[in-house]
Amino acid sequence: MGRQPEIEKILEAWWALDHCAPPERAKSESELNKLLDSAVGKSEGLYTRHQILDALWGHYKSYRLEKRKNEKVEVAQTAMKKT
Amino acid sequence: MVWAVKETKEKNVMVLTQPTETGRRFDFSSEQLKIPADQIRAAIKSFAQRPDVPIPVANAMFATMWFLNVDAFRQLEEKFLLTGKYEESLEEHRAMLANIIADGEVVILAAKKNGMAATPGNFTPEDIQATLNSLHSAFYCEHGPKNSLKMNQVIERLFDGATA
């Protein structure tokens with residue numbers, strides 16, 4: 001089963017913050033925070049950004065794993081095309 | 001005479017040569033030459049600590065080095081995730097992450113107090129702070145106090161349109 005689109009967007013923004021070029025980090029953080037603040041708003045301020053990140057931590061580790069596995073597949077496919 | 005890496009007919013050869021026009025012609029990446037990262041770090045650190053290197057320039061060098069460390073740490077984390085070794089190495093993860101955070105705090109403090117010269121790609125102290133914040137979040141999520149299971153369920157339901 002796929003993830004909720006809003007969760008997926010947060011994971012994408014989190015990944016971008018951790019992997020973009022250094023000069024883009026502040027901008028990436030701001031984009032992630034906007035998404036987190038939207039979730040904080042939905043909870044009517046009951047939960048913090050950190051609590052939301054903590055709730056999504058397991059998803060984020062799976063997301064990172066998927067990204068790296070997909071990269072490996074892409075590298076293999078590119079190599080196959082070249083041969 | 002200085003040591004410089006110069007392209008020759010033979011690949012991967014380090015030759016003793018006069019500096020080229022700029023004295024900064026490096027045609028081979030460290031990966032191709034397999035120079036250990038800790039040796040590069042030690043060389044940069046040694047240079048940055050020279051008294052004739054202005055403090056903002058030294059700060060920029062340390063910040064650049066710190067970003068390289070952060071990226072290497074992320075890659076290692078993902079390698080461990082891929083090989084299934086992540087969970088079994090959590091104690092080492094905690095120590096490494098704490099160390100990188102501590103280094104980052106020193107880097108940002110120095111940059112704020114004494115300034116930072118232009119950096120590769122022009123990253124700013126705000127970019128350092130954002131990266132540091134993300135590392136703090138990772139520490140909190142992996143090694144800090146956990147949300148209760150119920151709280152996690154309520155938070156996940158928020159994304160389905162439920163209210164808290």
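User: Which residues in helix 1 of chain A meet helix 3 of chain A?

Analyst: This is a predicted model, in which local features need pLDDT of at least 70 and side-chain atom pairs count only at pLDDT 80 or more, while totals for chains, interfaces and linings use all residues. Residues are numbered from 1 along each chain as its sequence is written, chains are lettered from A and ligands numbered from 1 in the order in which they are written, and side-chain values use heavy atoms, with hydrogens and water left out. With contact meaning heavy atoms within 4.5 Å, and with helices (H or I, at least four residues) and strands (E, at least two) taken as DSSP runs numbered from the N terminus, helix 3 of chain A contributes A:L53, A:L56, A:W57, A:H59, A:Y60, A:Y63, A:R64, A:K67, A:R68 and A:E71. The residues that they meet in helix 1 of chain A are A:I7, A:E8, A:I10, A:L11, A:E12, A:W14, A:W15, A:D18 and A:H19.

User: How are helix 1 of chain A and helix 3 of chain A oriented to each other?

Analyst: Axes here are lines fitted to C-alpha atoms, for helices over the stretch in contact, and angles run from 0 to 180 degrees between N-to-C directions; on that basis the two helices pack at about 70° with their axes 9 Å apart. Their crossing is right-handed, a crossing being right-handed if the near helix is turned clockwise from the far one by less than a right angle, and left-handed if anticlockwise. Angles under 35 degrees count as roughly parallel, over 145 as roughly antiparallel, 65 to 115 as roughly perpendicular and the rest as oblique. Helix 1 and helix 3 of chain A are therefore roughly perpendicular.

User: Where does chain A pack against chain B through helix 3 of each, and at what angle?

Analyst: Helix 3 of chain A and helix 3 of chain B have axes 9 Å apart and pack at about 85°, and they are therefore roughly perpendicular to each other. The contact brings A:K61, A:R64, A:L65, A:R68, A:K69 and A:K72 together with B:R74, B:E77, B:E78, B:L81 and B:L82.

User: What pattern does chain B follow along the sequence?

Analyst: Chain B has six helices and two strands. Of its 164 residues, 32% are buried, where buried means under 20% relative accessible area, exposed over 50% and partly exposed in between (1.4 Å probe, protein chains only). Read along the sequence, the elements of chain B come in the order β-β-α-α-α-α-α-α.

User: Why does the length of helix 5 of chain B agree with the span it should have, and how far apart are its end C-alpha atoms?

Analyst: The expected span of a helix is 1.5 Å times one less than its number of residues. Because helix 5 of chain B (residues 125-143) has 19 residues, it should span 27 Å, which agrees with an end-to-end C-alpha distance of 26 Å.

User: How do helix 4 and helix 5 of chain B run, roughly parallel or antiparallel?

Analyst: Their axes come within 10 Å and cross at roughly 155°, and helix 4 passes helix 5 in a left-handed crossing. Helix 4 and helix 5 of chain B are therefore roughly antiparallel.

User: Is B:D127 buried or exposed?

Analyst: B:D127 sits in helix 5 of chain B, whose buried residues pack against helix 1 (5-19), helix 2 (25-42) and helix 3 (49-82) of chain A as well as helix 3 (55-83) and helix 4 (90-114) of chain B. Leaving aside neighbours within four places in sequence, B:D127 is in contact with A:P22, A:P23, A:E24, A:R25, A:A26 and B:F67. At 3% relative accessibility, B:D127 counts as buried.

User: Which residues does B:A58 touch, not counting residues up to four places away in sequence?

Analyst: B:A58 belongs to helix 3 of chain B and is buried, with a relative accessible area of 8%. Its C-alpha lies 8.5 Å from that of B:K45, a residue 13 positions away in sequence. Beyond its sequence neighbours up to four places away, B:A58 touches B:A48 and B:V53.

User: What is the phi of B:N122, a residue other than glycine?

Analyst: Most residues other than glycine have a negative phi. B:N122 lies in the loop between helix 4 and helix 5 of chain B and is exposed, with a relative accessible area of 53%. Its phi is positive, near 60°.
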